[in-house]
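Please look over the structure shown here, with attention to its overall fold and to a handful of individual residues. A short report follows.

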Amino acid sequence: ELAVARSRCHDGIRLPVVVRECIDFIEEHGLKVEGIYRSSGVKSKVNKLKLAYNTRQSVSLSGSEPAVVASLLKLFLRELPDPVLTAQLMPKFEALASKKNVSQIQTELKALLQQLPECNRSLIDW
C-alpha cells in the first residue's frame, strides 16, 4: 500500500511504478530470454536503477538488459516489508499447497486471494 502511494502509476493502476515498468519491459524484451527470473543481473546496474526509483528520478529502462530489470523486480518484491501473500495468510496458502483435491484447492485459493489487501491482489493479477 505504501509503495503504491509513494509511486503511483500514470494510468491509475494500483501498482508501484517500478513493478509496472519492470513487468512491461520484461514482457516486451525478456520473455524469450531463457531463465529470465533465474539469472541475476549485474548488481551495480540493479542498484543504480533501484536508487533512481527510490529517489523518484525519471527512469528509462530502455537499453537495460532483461536480467537486470528482472533482478530489480525480484529485489523490490524481496524487500517489501510484508510478503505479497502476507505473513498472516502465508500459513493458509502453504497448507493449501499440500491438498490434492483440485476443486477444493480452487475454491479455497479464490477465498484466500479475496482476503488479501487490494494492492496485493492487483500485483498478483498483473
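Among contacts in the protein between residues at least 6 apart in sequence, what percentage join residues at least 24 apart? The value is 58% of those contacts, where a contact means heavy atoms within 4.5 Å.

This is a predicted model, in which local features need pLDDT of at least 70 and side-chain atom pairs count only at pLDDT 80 or more, while totals for chains, interfaces and linings use all residues. Residues are numbered from 1 along each chain as its sequence is written, and side-chain values use heavy atoms, with hydrogens and water left out.

**Confidence.** The pLDDT, which is the predictor's confidence in each residue on a scale from 0 to 100, averages 90 over the protein, and 90% of the residues score at least 70. Confidence is lowest in helix H1 (residues 2–6), with a mean of 49, and highest in helix H4 (residues 66–78), with a mean of 97. Where pLDDT is low, the predicted coordinates should not be read in detail.

**Overall form.** The protein has seven helices and zero strands, the elements being DSSP runs numbered from the N terminus, with helices (H or I) of at least four residues and strands (E) of at least two. Taken along the principal axes, the box filled by the C-alpha atoms is roughly 45 × 35 × 25 Å. Of the 126 residues, 35% count as buried; buried means under 20% relative accessible area, exposed means over 50%, and partly exposed lies in between, with a 1.4 Å probe and protein chains only. The protein exposes about 8300 Å², of which carbon and sulfur atoms supply 54%, as computed by the Shrake-Rupley method with a 1.4 Å probe.

The protein carries 18 positive and 14 negative charges, and their mean positions are 4 Å apart; Lys and Arg count as positive, Asp and Glu as negative, and His and the chain ends are not counted. Each charge is placed at NZ of Lys, CZ of Arg, CG of Asp or CD of Glu. The structure holds zero disulfides, a disulfide being a pair of cysteine sulfur atoms within 2.5 Å. Cysteine 22 and cysteine 119 are both listed below with their accessibility.

| Residue | Relative accessibility | Class |
|---|---|---|
| Cysteine 22 | 0% | buried |
| Cysteine 119 | 7% | buried |
| Valine 46 | 6% | buried |
| Asparagine 120 | 12% | buried |
| Threonine 86 | 8% | buried |
| Arginine 56 | 58% | exposed |

**Selected residues.** Valine 46 is part of helix H3 (residues 43–54), and, leaving aside residues up to four places away in sequence, it touches Gly41, Val68, Ser71, Leu72 and Leu75. Valine 46 and glutamate 21 are 25 residues apart along the chain, and their C-alpha atoms are separated by 14 Å. Asparagine 120 belongs to helix H7 (residues 118–125), and its contacts, again not counting residues up to four places away in sequence, are Pro83, Val84 and Thr86.

Threonine 86, one of those partners of asparagine 120, sits in the loop between H4 and helix H5 (90–97), and its phi is near 65 degrees, a positive value in a residue other than glycine. Arginine 56, found in the loop between H3 and H4, has a positive phi of about 60 degrees although it is not a glycine. Why does arginine 56 count as exposed? Arginine 56 is classed this way because its relative accessible area is 58%.
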